[in-house]
Amino acid sequence: MKYLNTILETNEIDEQHRESATASYLAAKERMRQLPVKFSDDAEMMLSNHLMALIKRISEKKFIDPIEEGMMDELSDPAWDYAKLVAGPLFDEAGIEPDRSEIFLVGTHMEMALAAMAAEVQ
């Protein structure tokens, strides 16, 4: 529940949609906790905010503009896989195909956390 009220307000989730948005958010956060990825407090807060913004965009079916394929090639396979595991079910719940650019953006959070973990090891 950490960050939840702030994230609901920041993303302007209205009362009508709060319950379903909260349920989707908490399920995504639980999937995140199952990953072998450690997030700093700041990284978790940023990803948490991103997840709620994504939930809102999915509910409105208004996605970001497509991202160039060349940029998407920069994500590692694990970052893609983790992003799909966390964000993919949000699209499934809405009965729509996952948006590759949206998954990529979640993947950038995964990639940064993986890089931070690798730097700790060295």
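# Helix contacts and salt bridges in a predicted model

Author: At 53% relative accessibility, Glu-120 counts as exposed. The model is predicted.

Reader: How many salt bridges does the model have in total?

Author: Side chains of opposite charge can pair when their charged atoms come close. The cut-off applied here is a side-chain nitrogen of Lys or Arg within 4 Å of a carboxyl oxygen of Asp or Glu. By this rule the count of salt bridges is six.

Reader: How many residues apart in sequence are the parts tied together by Arg-100 and Glu-69?

Author: The side chains of Arg-100 and Glu-69 meet in a salt bridge, at 3.2 Å from N to O. Arg-100 lies in helix H6 and Glu-69 in helix H4 (residues 69–72), so the parts they tie together are apart in sequence by 31 residues.

Reader: Are Arg-100 and Glu-69 buried, partly exposed or exposed?

Author: Partly exposed covers what lies between under 20% (buried) and over 50% (exposed). Arg-100 has a relative accessible area of 40%, and Glu-69 has 45% relative accessibility. Both values therefore fall in the class called partly exposed.

Reader: Which helix holds both Arg-18 and Glu-15?

Author: Arg-18 forms a salt bridge with Glu-15, the closest N and O atoms being 3.7 Å apart. Arg-18 counts as partly exposed at 22% relative accessibility, while Glu-15 is exposed at 64%. The two are three residues apart, about one turn of the helix, and both lie in helix H2.

Reader: How are H3 and H5 oriented to each other, roughly parallel or roughly antiparallel?

Author: The axes of helix H3 (residues 41–60) and helix H5 (residues 77–94) come within 10 Å and cross at roughly 25 degrees. Angles under 35 degrees count as roughly parallel. H3 and H5 are therefore roughly parallel.

Reader: Is Ser-24 buried or exposed?

Author: Ser-24 is found in helix H2 (residues 15–33). Leaving aside its neighbours within four places in sequence, Ser-24 is in contact with Ile-55, Leu-90 and Glu-93. Its relative accessible area is 11%, and the cut-off is under 20%. Ser-24 is therefore buried.

Reader: How far apart in space are His-109 and Ala-21, C-alpha to C-alpha?

Author: His-109 is found in helix H6 (residues 100–121) and counts as buried at 12% relative accessibility. Beyond its neighbours within four places in sequence, His-109 is in contact with Phe-39, Met-46, Leu-47 and His-50. From His-109 to Ala-21 there are 88 residues in sequence, and the distance from C-alpha to C-alpha is 20 Å.

Note on methods:
Residues are numbered from 1 along each chain as its sequence is written. This is a predicted model: local features need pLDDT of at least 70, side-chain atom pairs count only at pLDDT 80 or more; totals for chains, interfaces and linings use all residues. Side-chain values use heavy atoms; hydrogens and water are left out. Helices (H or I, at least four residues) and strands (E, at least two) are DSSP runs, numbered from the N terminus. Buried means under 20% relative accessible area, exposed over 50%, partly exposed in between (1.4 Å probe, protein chains only). Contact means heavy atoms within 4.5 Å. Axes are lines fitted to C-alpha atoms, for helices over the stretch in contact, and angles run from 0 to 180 degrees between N-to-C directions. Angles under 35 degrees count as roughly parallel, over 145 as roughly antiparallel, 65 to 115 as roughly perpendicular and the rest as oblique.
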